[in-house]
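Visitor: Hi! I'm new to reading protein structures. Could you walk me through this one?
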Amino acid sequence: MSRCIEAFVHGGACVRDVGNVRRRCGRRRASLSMLLGTTLLNAPRDGRKSTGAGTKDIAGELQSQIKSLYVEYLDVEGMKVDYDALRNSDGFKEYEVQALGLVDTDPTRLDRDQRIAFFVNLYNALTIHGMARAKKQPSNLLSRMIFYAKTSYIIGGQPYSLNDIENNVLRGNKQQVVDPFKLMIFTLSDPRFRSIVNPPDPRIHFALNCGAMSCPPIRFYTAENLEFGLQASTENFVASDDNVRVLPQSRVVYLSPIFQWYKTDFAPSGEDVDLLNWVQANASANSDKAKELKTILDSRELLKIKWLEYDWSVNSV
């Protein structure tokens with residue numbers, strides 16, 4: 001499968017330049033939603049009334065329930081989920097009830113760190129929720145593209161898909177390769193525009209789990225531990241030879257495709273050397289990998305990046 005198609009599915013940047021083409025249409029997002037359809041996993045039930053709880057209370061209660069589910073149904077590495085046991089558990093049913101409270105949650109009332117932690121945790125929970133409730137879990141890249149575009153929660157009265165949370169909220173309203181005409185970005189008139197994280201933090205890419213085996217492990221984040229948590233997740237990701245592999249003698253660096261799909265998040269210039277400088281700066285201090293990368297970069301000799309394969313199989317136990 002081509003790298004461009006993989007990027008298309010994952011919502012990152014394609015290696016081909018689609019040009020600066022943008023057409024404005026008042027109903028563009030509505031038209032795309034009608035075309036794809038939306039799977040709302042917390043659609044309000046008939047007769048449901050607002051809880052009256054505050055945004056921080058709802059967010060805190062929901063994230064507490066998410067954390068308890070992780071303890072029960074994630075493996076110790078945070079890589080695999082027991083979807084079958086989760087689906088039939090009382091804790092999952094309670095989570096689904098609590099997820100209804102998102103309808104009354106206003107994410108713009110959260111400060112930046114609270115918002116990042118909230119949406120990172122919610123993205124991972126929504127992925128697990130969608131996988132657990134899917135009649136058939138996505139088994140190929142096309143089905144994953146549809147899954148990420150359709151699987152959604154209503155938050156503060158507005159639908160947020162997995163793609164919306166990742167690319168529009170957490171990446172700072174970045175264009176997706178699946179959207180060459182920028183039809184899916186949040187416009188100024190979109191009520192969700194105010195929920196965008198600004199400035200974005202590229203380390204969120206090592207905190208988001210899309211339900212595939214090559215995704216970063218699932219962890220739980222709070223505003224208080226956000227800086228430590230994101231940095232630890234990044235360093236752990238870089239430390240694994242499954243994601244970053246350095247061959248000093250041949251001057252080749254193998255990288256996870258995550259660095260390719262979202263290259264300009266890490267290196268706005270788009271230059272390989274700037275990307276590798278970012279990786280080196282965010283490797284564990286004094287690690288062999290950090291030293292090897294620094295040696296290669298300091299020599300200023302020709303180097304080459306090669307991309308590792310991405311395992312899209314479902315992260316089920």
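Visitor: Which residues are linked in a network of salt bridges?
Guide: That network links Asp164, Asp190 and Arg192. Keep in mind as we go that this is a predicted model.

Visitor: How far apart are the closest N and O atoms of Arg192 and Asp190?
Guide: They are 2.9 Å apart in the salt bridge between Arg192 and Asp190.

Visitor: And are those two buried or exposed?
Guide: Both Arg192 and Asp190 are buried.

Visitor: How many salt bridges does the structure hold?
Guide: The count is 14 salt bridges. One of them pairs Glu96 with Arg133, and there the closest N and O atoms are 2.9 Å apart.

Visitor: Where do Glu96 and Arg133 sit in the chain?
Guide: Glu96 belongs to helix α5, while Arg133 belongs to helix α6, which covers residues 112–133. The two are 37 residues apart, and their pairing links distant parts of the chain.

Visitor: Why does Glu96 count as buried?
Guide: Glu96 counts as buried because its relative accessible area is 17%, and the cut-off for buried is under 20%.

Visitor: What about Asp106 and Arg109, how do their side chains meet?
Guide: They meet in a salt bridge too, with 3.7 Å from N to O. Asp106 is partly exposed, at a relative accessible area of 26%. Arg109 has 62% relative accessibility and therefore counts as exposed.

Visitor: Let's zoom out. How many helices and strands are there?
Guide: The protein has 13 helices and six strands. It is 317 residues in total, and 50% of them count as buried.

Visitor: What share of the contacts join residues at least 24 apart?
Guide: If you take the contacts between residues at least 6 apart in sequence, 75% of them join residues at least 24 apart.

Visitor: Now helices. At what angle do α3 and α5 pack?
Guide: The angle is about 160°, and the axes are 10 Å apart. Helix α3 covers residues 55–73 and helix α5 covers residues 90–99. That angle makes α3 roughly antiparallel to α5, since anything over 145 degrees counts that way.

Visitor: Is their crossing left-handed or right-handed?
Guide: The crossing of α3 and α5 is left-handed.

Visitor: Which residues make the contact?
Guide: On the α3 side they are Glu61, Leu62, Gln65, Ile66 and Leu69. On the α5 side they are Gly91, Phe92, Glu94, Tyr95, Gln98 and Ala99. By class, the contact of α3 with α5 has six nonpolar, three polar and two charged residues.

Visitor: How do α12 and α13 cross?
Guide: Helix α12 (residues 272–281) and helix α13 (residues 288–299) cross at roughly 150°, and their axes come within 9 Å. They are therefore roughly antiparallel to each other. Their crossing is left-handed.

Visitor: Which residues touch there?
Guide: From α12 the contact uses Val273, Leu276, Asn277, Val279 and Gln280, and from α13 it uses Ala290, Leu293, Lys294 and Leu297. Those of the α12 and α13 contact divide into six nonpolar, two polar and one charged.

Visitor: What is in the loop between α12 and α13?
Guide: Asn286 is found in that loop. Asn286 has a positive phi of about 65°, although it is not a glycine. Most residues other than glycine have a negative phi. Asn286 is exposed, with a relative accessible area of 64%.

Visitor: And what is the phi of Arg251?
Guide: Arg251 has a positive phi of about 60° and is not a glycine either. Arg251 lies in the loop between β4 (244–247) and β5 (252–255). At 13% relative accessibility, Arg251 counts as buried.

Visitor: New topic: is the peptide bond from Asn198 to Pro199 cis or trans?
Guide: That bond is cis, with omega near 0°. Most peptide bonds are trans. Pro199 is in the loop between α8 (162–170) and α9.

Visitor: Last one: where is Thr234, and what does Thr234 touch?
Guide: Thr234 is in helix α9, residues 226–239. Leaving out residues up to four places away in sequence, Thr234 touches Arg203, Phe206, Trp278 and Asn282. Thr234 has 0% relative accessibility, so Thr234 counts as buried.

Technical notes. Residues numbered from 1 in each chain as written. Predicted model: local features only at pLDDT ≥ 70, side-chain atom pairs only at ≥ 80, totals over all residues. Heavy atoms only, no water. Axes fitted to C-alpha atoms, helices over the stretch in contact; angles between N-to-C directions. Helix = DSSP H or I, 4+ residues; strand = E, 2+ residues; numbered from the N terminus. Parallel < 35°, antiparallel > 145°, perpendicular 65-115°, else oblique. Left-handed = near helix turned anticlockwise from the far one by under 90°. Contact = heavy atoms within 4.5 Å. Nonpolar A, V, L, I, M, F, W, Y, C, P; charged D, E, K, R; others polar. Salt bridge = Lys/Arg side-chain N within 4 Å of Asp/Glu carboxyl O. Buried < 20%, exposed > 50% of the residue type's maximum accessible area, 1.4 Å probe, protein only.
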